[in-house]
Amino acid sequence: MYSQLAEWHRRDGRLTILLYPSDEFGGQELPSAEIPGFVSEYLPLEGEGVHLMAKVAVNGEHADPVWSWLTTGPFPGEVGWNFDAVFLLDAEGVPVGRYSATELEKLDGDLSFLVGQS
């Protein structure tokens, strides 16, 4: 997943990637202090366009507002695991797709289409 994100980031520098770690999925996430080192092996955290957020809840009443908005509005449904919800928003911030890690090819096509429009 991270290598695919890195490829998209290299392809078009206008792309903004927001990464939200969460401990909701069986303790699969690294401890907070280790996440930046892991992610920076794939994505440039110091540069523009990639933002590693603090750990958040993505489901339920304590969900981060961004996740609550995405999973109750445009693409309803709880997040089932840590790579189950990748959201694509256009340049105006309008959500245009929700994908899982198994749908990266479809996401790639939709992203290419959006980049081609701008």
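So, which helices and strands each supply at least two residues of the lining of the largest pocket? They are helix 1 (2–11), strand 1 (17–19), helix 2 (35–39), helix 3 (65–72), strand 3 (86–89) and helix 4 (104–117). Helices here are DSSP runs of H or I with at least four residues, strands are E runs of at least two, and both are numbered from the N terminus.

Quick housekeeping: this is a predicted model, with local features needing pLDDT of at least 70 and side-chain atom pairs pLDDT 80 or more, while totals for chains, interfaces and linings use all residues. Residues are numbered from 1 along each chain as its sequence is written, and side-chain values use heavy atoms, leaving out hydrogens and water.

Back to the pocket. A pocket is an open set of points on a 1 Å grid over the protein atoms alone, where a 1.4 Å probe fits, with protein on both sides within 12 Å along at least five of seven lines; lining residues have an atom within 4 Å of a point. The lining here runs to 44 residues, and Thr 16, Ile 17, Leu 18, Val 86 and Phe 87 lie nearest the centre. Helix 4 gives the most, 5 residues.

Now, helix 4 also packs with helix 1, at about 10 degrees, axes 12 Å apart; axes are lines fitted to C-alpha atoms over the stretch in contact, and angles run from 0 to 180 degrees between N-to-C directions. That makes the two roughly parallel, a label for angles under 35 degrees. On the helix 1 side, Gln 4, Trp 8 and Arg 11 make the contact, meaning heavy atoms within 4.5 Å. Helix 4 answers with Leu 104, Leu 107, Asp 108, Leu 111 and Ser 112.

Terms used. Angles under 35 degrees count as roughly parallel, over 145 as roughly antiparallel, 65 to 115 as roughly perpendicular and the rest as oblique.
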